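Here is a short briefing to read alongside the model. Please keep the structure open and find each place as you go.

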Amino acid sequence: MSTPVRKITLSPSRDIPFNKLLLSQSNVRRVKAGVSVEELADDIARRGLLQGLSVRAVVDQAGIETGMFEIPAGGRRYRALELLVKQKRLAKTAPVPCIVRDSGIAEEDSLAENVQRAPLHPLDQFRAFLALREKGQSEEEIAAAFFVSVNVVKQRLKLASVSPALLDVYAEDGMTLDQLMAFTVSGDHERQEQVFERLKASYDKQPYVIRRMLTEGAVRASDKRAQFIGLDAYVAAGGTVLRDLFQGDDGGWLQDVPLVDQMVTDKLKADAEAIAAEGWKWIEVAPDFAYGHAFGLRQLRGESVPLTAEEEASRDALQAELDRLSDEYQDADDLPDEVDERLSELETLIEGFDNRPVVFDAAEIARAGAFVSIGADGQLRVERGYVRPEDELPVEPASEPDADRDDERAIAASYEGNEAVTTAEPDAEPEEDEGLSPISDRLMTELTSHRTLGLRNALGERPDIAFVAALHVLTLKTFYHYSSDSCLELDLKSVSFGTQAPGLNDSASAEAIRVRHESWSKALPKESADLWDALQEWDGDSQAGLFAHIVSLSVNAVYEPWNRRPRAAAHADRLAQTVDLDMAAAGWKPTVDNFLGRVTKARILQAVSQAKGQRAADRIEHLKKGDMAAEAETLLADTAWLPEPLRTPGRAVEAEPAPESVAEQTAEQSSEKLPEDDVEPAAQNDDAGADMIAAE
């Protein structure tokens with residue numbers, strides 16, 4: 001005979017006036033956690049009490065009910081109601097839904113209610129936010145209702161918009177929340193699913209790998225092309241921007257690369273037409289030019305438009321204010337925000353007065369041209385006033401040749417050792433004449449030979465004048481291209497880079513050299529004939545600074561397989577030691593384009609082991625070459641690691657020695673910790689939002 005199942009009886013529910021309720025000492029919750037009482041009170045005021053209180057009747061010593069009820073489970077809800085009563089938003093006698101318990105242990109009721117509550121799955125929260133959005137609530141309204149920031153709501157909605165197939169995988173614990181966050185970078189469901197399929201075959205499933213796969217081929221918003229056309233204009237033209245709401249993305253990625261290229265071309269063309277209207281003979285346009293593209297061309301020396309009396313007074317007033325603020329806060333550790341902002345504003349305004357537009361002679365413009373490109377900062381770069389050799393005016397002779405002279409001079413130069421010897425076959429000395437006649441070429445040669453030796457001797461005894469003379473001729477050849485204006489046979493060669501390294505023209509060093517060159521160019525006189533007097537008037541520091549700049553342009557430490565120069569390379573090392581060259585501080589970082597993607601896997605692993613330790617190298621050893629190079633770029637980003645050719649001898653390199661086999665392998669070739677998982681703090685610091693959807 002079977003035993004009948006005993007039926008359970010549920011505790012009755014009833015409405016109890018608020019002033020008949022009181023907190024119980026049996027409530028096991030002692031530590032504050034989750035949504036604050038204030039936020040819970042606002043939520044109850046908005047939508048009512050969604051979950052009743054669990055209460056027990058209070059009895060006296062004789063066991064008789066007193067009419068009061070204590071609350072072992074639901075204390076936070078009671079405090080929220082109490083706050084509403086104090087704020088006079090709820091009546092003291094307002095009925096409160098309660099479950100009246102009369103059996104069991106009060107502490108057990110409190111513990112069971114808190115322990116047995118199942119937290120809401122994050123995906124359910126994402127979908128709940130999406131449902132509210134689809135029913136007409138704005139992101140701001142949802143954020144206000146659940147006491148979270150608008151950005152958190154946007155993140156939740158973004159997660160809910162991932163491909164349904166991937167959301168199902170996440171619901172079945174087939175991927176982590178961090179991985180799901182990474183998939184939100186792209187809104188293309190088909191693309192997301194393609195990357196997920198690729199991820200299945202990959203050993204490394206880190207979030208940054210997913211982001212890289214989704215954005216490969218896209219243009220960074222920080223790219224100078226994107227900055228040049230502007231993000232708003234790109235979006236208005238129908239372009240798509242991939243954004244990452246869960247970590248810094250430098251503005252995102254521009255997905256439509258052909259559109260970016262077309263917009264860059266169109267804008268450069270329009271800008272070039274405006275420059276061409278100035279009357280230049282030729283205009284060359286490109287997003288970027290190779291470093292040294294203006295070598296061999298003479299740059300015109302225009303004149304800056306002078307300041308008017310009113311502009312001069314305005315500049316002086318700005319400079320006075322800048323000096324006053326600088327003196328007033330020179331000893332301050334931290335500048336007030338308004339002062340710092342004003343100082344920056346003053347410097348910008350003064351720079352605008354100092355960098356006046358340059359005016360060129362109309363005749364010079366007609367035979368010169370300009371280069372139009374994009375600068376490293378994404379702004380239009382216009383390099384005006386370059387004259388090609390074929391467009392130079394013919395050089396007129398200093399004096400007319402003697403009309404009575406029938407024979408032309410034949411001069412040949414030969415070198416014996418380090419001495420330049422000039423031989424000539426001049427005309428025979430003319431017959432004696434009663435009147436004055438020109439000095440014969442032969443006699444002129446003999447006399448000037450004596451003078452040349454005299455000048456050599458005198459100059460050799462005057463180092464100060466010799467320095468100015470050398471500076472004079474080198475300046476002529478660097479800034480004026482008139483070597484015939486000096487009697488010194490000194491030459492200056494500046495190497496042009498036949499093989500252009502990626503980003504060479506936009507490197508920090510190239511920009512610094514360009515700015516310094518333009519600064520010296522503005523300081524020099526326009527006419528070469530005035531250069532000697534100008535240099536003599538300069539102080540020693542100015543002369544030395546110009547000399548250092550010019551000499552620096554002659555440095556050639558480029559490795560050329562067809563021109564082995566071991567002693568020159570050794571001298572480059574000594575020079576680097578002397579000037580304490582640090583290429584990492586100069587802005588060079590290893591990337592896929594400039595190094596990692598162009599060497600063997602062994603060299604990539606060697607670089608990572610030297611900079612981050614062997615464990616980090618072991619973590620990426622299984623990857624394919626392209627993926628390994630990309631991950632190595634991330635690992636080495638802020639390490640100041642440099643490959644051998646860029647290191648200055650004597651500078652310490654914190655390196656973990658590579659295995660002998662790797663060293664041997666790399667010698668035959670052409671030449672710790674991984675980043676933390678991508679976790680969005682905002683996704684973690686508001687667990688309250690999920691709790692509130694489940695229950696109050």
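Lys 88 sits in the loop between α2 and β5; helices here (H or I, at least four residues) and strands (E, at least two) are DSSP runs, numbered from the N terminus. The model is a predicted one, in which local features need pLDDT of at least 70, side-chain atom pairs count only at pLDDT 80 or more, and totals for chains, interfaces and linings use all residues. Residues are numbered from 1 along each chain as its sequence is written, and side-chain values use heavy atoms, with hydrogens and water left out.

**Loop residues with a positive phi**

- Although Lys 88 is not a glycine, its phi is positive, at about 60°.
- Is Lys 88 buried or exposed? Its relative accessible area is 75%, so Lys 88 is exposed (buried means under 20% relative accessible area, exposed over 50%, and partly exposed in between, with a 1.4 Å probe and protein chains only).
- Asp 580 is another residue other than glycine with a positive phi, here near 55°.
- You can find Asp 580 in the loop between α22 (566–579) and α23 (601–612).
- Asp 580 counts as partly exposed because its relative accessibility is 47%.

**The five-stranded sheet**

- Five strands form an open sheet in the order β1-β5-β3-β4-β2, with mixed pairing (two strands pair if DSSP finds at least two bridges between them).
- At the edges are β1 (13–17) and β2, each of which pairs on one side only.
- On average, neighbouring strands of this sheet are turned by 50° against each other, direction ignored (axes are lines fitted to C-alpha atoms, for helices over the stretch in contact, and angles run from 0 to 180 degrees between N-to-C directions).
- Helix α2 (residues 75–86) packs on the sheet and touches β2, β3, β4 and β5 (95–101), where contact means heavy atoms within 4.5 Å. The direction of α2 makes about 120° with that of β2.
- As a general point, strands of a sheet pair through backbone hydrogen bonds, either parallel or antiparallel.
- Strand β2 (residues 21–23) and strand β4 (residues 65–73) run parallel and are joined by three bridges. Leu 21 has Phe 69 as its bridge partner in β4, and Leu 22 stands opposite Glu 70.
- Strand β3 (residues 53–59) runs antiparallel to β4, with four bridges joining them. Val 59 has Glu 65 as its bridge partner in β4.
- The hairpin of β3 and β4 has five residues between the strands, and in this hairpin Gly 63 takes a positive phi near 85°.

**The three-stranded sheet**

- A second open sheet has three strands in the order β6-β8-β7, with antiparallel pairing.
- β6 (219–220) and β7 (241–242) each have a single partner strand, so one side of each has no neighbour in the sheet.
- Two bridges pair β6 with strand β8 (residues 253–254) in the antiparallel sense, and the bridge partner of Val 219 in β8 is Leu 254.

**Helices that pack together**

- Two packed helices are described by the angle between their axes and the distance between the axes.
- Helix α10 (residues 207–215) packs with helix α25 (residues 625–636) at an angle of about 115°, and their axes are 12 Å apart. That angle is why α10 is roughly perpendicular to α25 (angles under 35 degrees count as roughly parallel, over 145 as roughly antiparallel, 65 to 115 as roughly perpendicular and the rest as oblique).
- Tyr 208, Val 209 and Arg 212 of α10 make the contact with Asp 627, Ala 630 and Glu 631 of α25. By class, this contact of α10 with α25 has three nonpolar, no polar and three charged residues (Ala, Val, Leu, Ile, Met, Phe, Trp, Tyr, Cys and Pro count as nonpolar, Asp, Glu, Lys and Arg as charged, and the others, Gly among them, as polar).
- Helix α14 (residues 309–328) and helix α15 (residues 337–354) cross at roughly 145°, and their axes come within 10 Å.
- The contact of α14 with α15 has eight nonpolar, three polar and six charged residues.
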